[in-house]
Amino acid sequence: MISFDGCTKTFLLSGKNYSYCMYINRAGLLQHLYWGKKIGAADAAFLVAAHGLPASPNPDDYNKDMATDGMPSECGSFGRGDFRPATVIVRREDGAAMSRFRYVSHKIVKGALHLQGMPCARKADETLILTLKDDFSDIELDLNYSVSEDADILVRNTAVRNAGKDAAEIAKAFSFCTELPDTRGTWSALRLAGSWARERTPVVTPLAEGTLRIESARGYSSHQMNPFLAVLSEDCGEESGECYGFNLLYSGSFAITADVSHNKSIRVQGGINDFLFGWLLQGGETFATPQAALYYSAEGLGGMSRAYHDFFREYIIEPKRVYARRPVVINNWEATYFDFDNEKLFSIIDEAAKLGMDTFVLDDGWFGKRDGDASGLGDWFVNERKLKGGLKAVIGHCKEKGLKFGLWFEPEMVSEDSELYRAHPDWAIGKAGAEPCRGRNQLVLDFTRKEVVNYIFETVSKILRENEISYVKWDKNRDITENYTANLPADRQGEFWHRYTLGFYGLAERLTKAFPNVFFEGCAGGGGRFDGGALYYFPQIWTSDDTDGLERTKIQWGTSVCYPVSSMSCHVSACPNHQTQRITPFATRGAVASLGATGYELDLTKLSEEEKEQVREQIKNYKLIDELVLRGDLYRLADPFKGNYFCEMLVSKDKSKAYLVGERFRGDPCDHDRVLKLRGLDEGKTYTIRELNVTASGAALMGAGLFCPRLPDCGSWVWHIEEVQAERKLYKAIETGR
Ligand code: GLA
């Protein structure tokens with residue numbers, strides 16, 4: 001619901017549980033008033049009186065110089081008295097960049113805002129478009145806000161318009177700016193930091209005067225920093241306390257900043273990384289920034305996660321795919337790496353079929369001259385020396401065994417030792433005459449160039465057209481360097497990063513549209529591009545190259561802070577684990593993988609009979625609970641970063657079913673009596689836990705809890721929890737295998 005009160009000039013935006021309020025103060029500036037628990041339109045006058053300009057110590061100053069420095073603003077400006085970080089900076093032809101944006105008009109429209117060439121929320125109930133104009137130039141801004149009654153997420157972005165004739169250069173254009181005023185210096189910030197094989201570790205640090213900045217300058221969202229920041233109140237825990245979330249629906253270089261100013265308010269804003277950014281805006285042109293998904297609630301981190309999960313499932317991920325049953329895949333990467341032939345693959349396929357898997361995914365090494373990671377990228381035609389009879393032979397074998405077929409690509413990359421590079425050395429990012437910076441022995445294609453993207457679209461399409469392929473794993477294995485393209489003049493190199501990202505989105509858009517029956521999985525050297533922009537095209541993303549049964553609990557826990565478990569590809573791999581060398585029980589690897597889109601990534605022919613039986617059971621179990629993975633609410637019970645246990649549970653929306661997975665890291669003799677209080681159940685319902693043969697009310701299971709099982713190192717447990725009336729259905733399903 002969006003309403004405008006002409007008397008107080010107040011905008012009130014309300015979603016499921018929150019309200020967001022701002023008003024046009026008497027200086028014509030758009031002032032932030034409130035963001036918190038839901039309130040009614042009748043409170044607008046109170047908010048203006050208590051928090052608006054009249055309540056300011058210097059109410060008459062706002063139209064004067066230096067007065068906006070303390071004003072909670074919806075858009076920070078530069079050079080006219082607001083000394084906190086600006087939201088938008090536009091440099092005009094004469095070099096001037098100061099601005100003060102004042103209200104011009106607004107409209108409230110039905111539905112969402114579609115962004116051309118960029119991912120965006122697929123729907124919304126209403127959108128507020130607020131137009132501001134600079135006092136000193138012809139630059140106008142549209143501040144866009146979309147709300148939906150069933151969501152706790154407010155979707156925002158900014159559009160910068162040059163309403164004049166002279167060209168101007170955007171030096172910074174963030175997607176959103178908001179202010180959290182009443183913080184008394186006690187708030188902290190949560191970011192998801194990491195590295196390859198250690199993606200999305202939650203890191204909480206206090207906020208203090210000055211600017212906290214998280215960013216990626218790697219050309220994509222990155223392993224190192226996810227485009228997400230949460231601001232937490234002092235009492236924010238897993239299930240209660242106020243927190244605000246800021247998630248950029250963007251896969252390129254980004255920045256999010258939280259600036260605590262002299263009056264202790266926090267200005268939070270973010271968007272395309274402004275470091276060396278520049279964008280030429282000709283007269284009449286408009287530049288749209290990526291969208292951001294903002295969240296508020298008092299339900300702690302768990303409440304925030306569940307709201308983001310619902311948002312990504314309902315508003316971002318392709319509707320046709322999001323709740324559709326995911327295939328249990330067998331991927332050959334860790335089984336064979338580059339060293340395979342028909343026989344090796346066929347033997348894995350044969351086993352996969354016997355064990356009940358759905359799709360065989362052929363990973364890196366099937367194309368060009370690709371026997372290692374130093375050659376072949378860009379040559380998207382099959383290596384018949386390695387695969388006799390080409391892909392058709394492998395696909396034919398899969399079909400014979402009842403499996404579907406998937407294929408790995410790394411569309412944005414090129415090896416210097418490739419036919420593509422020899423034909424078009426200038427298509428790789430770099431600067432002629434300067435030795436290129438190599439990563440994993442490869443270069444990145446210049447996706448700012450249309451002809452490069454077109455070529456890749458054609459070659460990948462040819463493979464997808466000519467073969468029965470139902471699944472694509474789209475990888476990206478290095479950072480972007482040089483950040484230079486001969487395609488743009490010297491004074492427009494600042495456009496490079498964003499244009500690259502638009503090139504990636506353009507290809508993803510074209511391929512997913514051209515091949516609607518292909519399931520596209522995202523990947524970037526593990527989980528290096530796991531963001532809301534990528535989820536628009538890839539319903540599932542490879543969470544991490546680290547599949548170790550212990551480390552994965554942390555990676556999946558951190559990823560779940562804002563992304564739904566159904567978007568995490570989670571594979572069972574071999575032991576000793578290829579990344580950590582750790583040995584964990586097969587059952588544990590399966591249990592942890594079942595908290596996401598489950599698959600396998602190991603040489604099935606090397607499994608013992610006992611392990612094969614476990615695989616059969618795991619798949620059977622998975623097909624029984626995958627509905628909870630796709631649609632359930634996640635409750636995180638035991639934090640693997642903080643103690644000896646990991647535990648998460650998925651609860652159906654109607655609270656009739658739940659699935660719980662736990663792991664005990666060390667067989668510690670002294671912590672076996674840890675009590676686990678379940679969450680998310682209905683207090684008034686009676687439940688059974690199949691594995692324990694326990695029957696109790698939701699109130700007892702959540703209030704008194706149960707003891708964690710005593711288990712040796714990295715031992716795991718799985719509980720199926722079912723409302724008593726529905727119990728029969730579950731047992732019937734177990735008996736019949738469905
Ligand atoms: C990346 C991916 C792996 C695998 C390899 C292939 O590291 O994350 O899953 O596909 O590339 O080179």
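Reply: In helix H9, the buried residues are Phe 496, Trp 497, His 498, Tyr 500, Thr 501, Gly 503, Phe 504, Tyr 505, Leu 507, Ala 508, Leu 511 and Thr 512. Buried means under 20% relative accessible area, exposed over 50%, and partly exposed in between, with a 1.4 Å probe and protein chains only. Helices (H or I, at least four residues) and strands (E, at least two) are DSSP runs, numbered from the N terminus. The model is predicted, so local features need pLDDT of at least 70 and side-chain atom pairs count only at pLDDT 80 or more, while totals for chains, interfaces and linings use all residues. Residues are numbered from 1 along each chain as its sequence is written, and side-chain values use heavy atoms, with hydrogens and water left out.

H9 covers residues 496–514, and its 19 residues should span 27 Å at 1.5 Å a residue; the end C-alpha atoms are 27 Å apart, which agrees. The expected span is 1.5 Å times one less than the number of residues. An α-helix has 3.6 residues a turn, so residues three or four places apart point the same way.

Tyr 484 sits in the loop between strand E26 (471–474) and H9. Its relative accessibility is 25%, so Tyr 484 counts as partly exposed. Beyond its neighbours within four places in sequence, Tyr 484 is in contact (heavy atoms within 4.5 Å) with Ile 429, Gly 430, Lys 431, Gln 493 and Phe 496. Phe 496 is also among the buried residues of H9. From Tyr 484 to Gly 494 is ten residues in sequence and 8.7 Å in space, C-alpha to C-alpha.

E26 includes residues 471–474, and Lys 473 is one of the closest of the 13 residues that surround the ligand. A residue is near a molecule or strand if one of its heavy atoms lies within 4 Å of it. A polar side-chain atom of Lys 473 is 2.7 Å from an oxygen atom of the ligand. For Asp 475, a side-chain N or O atom is 2.9 Å from a ligand oxygen atom, and for Gly 526 a backbone N or O atom is 2.8 Å from one. On its own the ligand has 300 Å² of accessible area, and the protein covers 96% of that; such areas come from the Shrake-Rupley method with a 1.4 Å probe, and for residues only the protein chains shown count as cover.

Note on methods:
Polar contact = N/O pair within 3.5 Å; in protein donor to acceptor, adjacent residues only side chain to side chain.
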